[in-house]
Each structure stands twice: as C-alpha cells, then as structure tokens.
Amino acid sequence: KIPGVSFASIAETAHASGHGELAKMLLDYEPRASEQVPLLLTMGETDHALTKAIESGDTDLVYYVLLEVMGRASDPELFLLVANKPVAADLLVKYFSEQDPRRLAAFYELNDEQ
C-alpha cells in the first residue's frame with residue numbers, strides 16, 4: 001500500500017489500454033473493495049467481483065454486484081454465479097422474496113433440479 005496512490009485508477013488505465021491481466025494484478029493492491037468491484041465488473045470478471053464484494057463484508061457491495069448481474073445475465077447464469085456462495089445466495093433470496101417472488105420460485109426450482 002502506497003499512500004496517495006489509487007491502484008484502481010492505474011488498473012482502469014491499464015484495462016482501457018488493453019492490458020486486462022495487468023489491470024487484474026494491480027487491483028489486487030487496491031485496498032478498497034468498493035474501488036475494485038466496479039472495475040472488475042467492467043472487465044467482465046463477474047465471479048471475481050462477487051467474491052471481492054463478499055470478502056469485504058459490505059452487503060451493499062454484494063447487492064450492487066447482484067443487481068448489475070441481474071441487468072445483463074439470464075436467471076440461470078445468475079443462479080449459477082451464487083451457487084457456491086452462500087452469502088450471495090442468501091442475499092439474492094432475500095431480495096427476490098421482497099421484490100420478485102416469481103424469480104424466487106425459479107431460484108428454488110432450479111436448485112432442486114441440481
């Protein structure tokens with residue numbers, strides 16, 4: 001950690017320049033998950049973004065990832081993403097139970113099939 005240096009900002013520049021692997025490496029040095037997660041999503045690193053959000057302990061950040069994924073992925077893709085992440089699955093169930101009971105039923109149905 002270097003005071004005053006935003007590794008997320010440097011990683012964003014690296015990604016924009018076509019250096020995705022370098023950007024991912026730089027993000028590992030960024031201490032703030034709130035700076036890592038949006039860029040990981042932009043880079044298409046959805047699973048990594050969700051893992052970082054969960055590890056941060058920031059429920060809002062986990063919801064942010066889930067809502068972003070809901071906007072661009074199919075339900076089966078979303079359900080697969082949270083399949084081995086109990087924290088994310090629990091938050092998704094809570095969200096669906098309050099906002100979209102139909103999708104909650106689909107989530108349970110798909111999990112019963114597996």
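A residue counts as buried under 20% relative accessible area, as exposed over 50%, and as partly exposed in between, with a 1.4 Å probe and protein chains only. At 28% relative accessibility, Pro38 therefore counts as partly exposed. Pro38 lies in helix α3. Leaving out residues up to four places away in sequence, Pro38 touches Ala33 and Tyr64; contact means heavy atoms within 4.5 Å. The C-alpha atoms of Pro38 and Ser6 are separated by 14 Å, and these residues are 32 apart along the chain.

This is a predicted model, in which local features need pLDDT of at least 70 and side-chain atom pairs count only at pLDDT 80 or more, while totals for chains, interfaces and linings use all residues. Residues are numbered from 1 along each chain as its sequence is written, and side-chain values use heavy atoms, with hydrogens and water left out.

Now the whole protein. It has eight helices and zero strands. Helices (H or I, at least four residues) and strands (E, at least two) are DSSP runs, numbered from the N terminus. From that end, the elements run α-α-α-α-α-α-α-α. The C-alpha atoms fill a box of roughly 45 × 25 × 20 Å, taken along the principal axes. Of the 114 residues, 38% count as buried. Take the contacts between residues at least 6 apart in sequence: 42% of them join residues at least 24 apart.

The surface comes next. The accessible surface is about 6,700 Å², and carbon and sulfur atoms hold 52% of it. Such areas come from the Shrake-Rupley method with a 1.4 Å probe; for residues, only the protein chains shown count as cover. The protein has 9 positive and 19 negative charges, and their mean positions are 4 Å apart. Lys and Arg count as positive and Asp and Glu as negative, while His and the chain ends are not counted. Each charge is placed at NZ of Lys, CZ of Arg, CG of Asp or CD of Glu.

What fills the inside? In soluble globular proteins, nonpolar side chains tend to be buried together. A nonpolar core is a set of buried Ala, Val, Leu, Ile, Met, Phe, Trp, Tyr and Cys residues joined through side-chain atoms within 4.5 Å. The largest one here has 35 residues. Those with the most contacts inside it are Leu50, Val65, Leu66, Leu78, Val82 and Leu92. Each of α1 (7-16), α2 (20-27), α3 (33-42), α4 (46-56), α5 (59-70), α6, α7 and α8 (101-113) supplies at least two residues of this core. The largest share, seven residues, comes from α5.

Leu66 lies in helix α5. With a relative accessible area of 1%, Leu66 is buried. Beyond its neighbours within four places in sequence, Leu66 is in contact with Leu50, Leu78, Val82, Ala88, Leu91 and Leu92. Leu66 and Ser97 are 31 residues apart in sequence and 15 Å apart in space, C-alpha to C-alpha. Follow Leu78 next. With neighbours within four places again set aside, Leu78 is in contact with Leu66, Val69, Met70, Leu92, Phe96 and Arg103.

Arg103 lies in helix α8. Its relative accessible area is 14%, so Arg103 is buried.

A search of the whole structure finds five aromatic pairs. Rings of Phe, Tyr and Trp (its six-membered ring) pair if their centres lie within 6.5 Å; planes under 30 degrees apart count as stacked, over 60 as edge-to-face and the rest as tilted. The ring centres of Phe79 and Phe96 are 6.2 Å apart and the planes stand at 80°, so this pair is edge-to-face. The pair links distant parts of the chain: Phe79 is in helix α6 (residues 75-82) and Phe96 in helix α7 (residues 86-99), 17 residues apart. Phe79 counts as buried at 4% relative accessibility, and Phe96 counts as buried at 0%. Phe79, Tyr95, Phe96, Phe107 and Tyr108 form one aromatic cluster.

End at a loop. Met43 lies between α3 and α4. Its relative accessible area is 15%, so Met43 is buried. Not counting residues up to four places away in sequence, Met43 touches His15, Gly20, Ala23, Lys24 and Leu27. Met43 and Asp90 are 47 residues apart in sequence and 26 Å apart in space, C-alpha to C-alpha.
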